[in-house]
Each structure stands twice: as structure tokens, then as C-alpha cells.
Amino acid sequence: MIDISLSRDPETGLISGKIVPKNNLLESYFETEVQNDLALIGYVETLAAQDGPVEIIGNAHTLKFNDNRYTVTSLFDEAAPPTTGTKTEFLFLLGQWRDFLRREIDEN
């Protein structure tokens, strides 16, 4: 079972995620592309619900949905192999990230 633990650095304000089992590229995707962006989370969830292939090109990664799979590819590190998994796993992690942001908003 995939899982993520999230924390915010009080000095930088940046969120970091640790995914189990370890997945550096997927952690980098969330930390770089998603960070504090609830609007992007909603956009990705909407696109993921569509039929057919979807591709989202971000600042440092490409995210593709095809059937029930996702693929994340680095735009700059050619040596990094793409990471893939089920769309359900990806959306679970994205939901955990969204819930973390919403809890912070509710607390402030």
C-alpha cells in the first residue's frame, strides 16, 4: 500500500512529502508541481476523471494519465526513469496532499 507523510518547513514554508515505498521522482513531482496549489489539485483531479489519455506539462515534470495508469517523467533529468502506477494510487496521494493543505487553512 502506498502512503505519504507531509510536513511544512517553518523557515521556507515549503511542503515536503515522503512516500512509502520510496519514490524520489513522485516526491519531486508533488514538491515541485503541486506544493501549495489547491487549484492545480482540482484541475488534475478533473482531468484524471476524463476518458482517454491526458498529459499535463509542469515546471519540471510531465504527468500522463492513460486508462487506469499514471506516468511521471522528469523534464530535466534524462537519467531518471519515469515512474508509473495506478491512477487510484496517484489520486490517493493527491488527495492526501489536498487534505493537508485544507487542514492548514482551517487551522489558520
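Predicted model: local features only at pLDDT ≥ 70, side-chain atom pairs only at ≥ 80, totals over all residues.
Biologist: What makes up the protein chain, and in which pattern along the sequence?

Modeller: The protein chain has three helices and six strands. Read along the sequence, their pattern is β-β-α-α-β-β-β-β-α.

Biologist: How do you know that the radius of gyration of the protein chain agrees with a compact globule?

Modeller: A compact globule with 108 residues would have a radius of gyration near 13 Å, and the protein chain has 14 Å, so the value agrees. Along the principal axes, the C-alpha atoms fill a box of roughly 40 × 30 × 30 Å.

Biologist: Why is Arg103 called partly exposed?

Modeller: The label covers values between the cut-off for buried, under 20%, and the cut-off for exposed, over 50%. Arg103 has 45% relative accessibility, and therefore counts as partly exposed. Arg103 is in helix 3, which covers residues 87-107.

Biologist: How far from Arg103 is Glu55, in sequence and in space?

Modeller: The two residues are 48 residues apart in sequence, and their C-alpha atoms are 29 Å apart in space.

Biologist: Are Tyr29 and Phe30 buried or exposed, and why?

Modeller: Buried means under 20% relative accessible area. Tyr29 has 3% relative accessibility, so Tyr29 counts as buried. Phe30 has a relative accessible area of 0%, so Phe30 is buried. Of the 108 residues in the protein chain, 38% are buried.

Biologist: How many aromatic pairs are there?

Modeller: The count is six, where ring centres must lie within 6.5 Å.

Biologist: Why is the pair of Tyr29 and Phe30 called edge-to-face?

Modeller: Planes over 60 degrees apart count as edge-to-face. The planes of Tyr29 and Phe30 are 85° apart, so the pair is edge-to-face. The distance centre to centre is 5.5 Å.

Biologist: What makes the pair of Tyr70 and Phe90 tilted?

Modeller: Planes under 30 degrees apart would be stacked and those over 60 edge-to-face, with the rest tilted. The angle for Tyr70 and Phe90 is 45°, so this pair is tilted. Their centres are 5.2 Å apart.

Biologist: Which parts does the pair of Tyr70 and Phe90 tie together?

Modeller: Tyr70 lies in strand 5, residues 69-74, and Phe90 in helix 3, so the pair ties together parts that are 20 residues apart in sequence. Both Tyr70 and Phe90 are buried.

Biologist: Which residues do the ring pairs link into a cluster?

Modeller: The cluster consists of Tyr29, Phe30, Phe65, Tyr70, Phe90 and Trp97.

How values were computed:
Residues numbered from 1 in each chain as written. Heavy atoms only, no water. Helix = DSSP H or I, 4+ residues; strand = E, 2+ residues; numbered from the N terminus. Rg over C-alpha atoms; globule rule 2.2 N^0.38 Å. Buried < 20%, exposed > 50% of the residue type's maximum accessible area, 1.4 Å probe, protein only.
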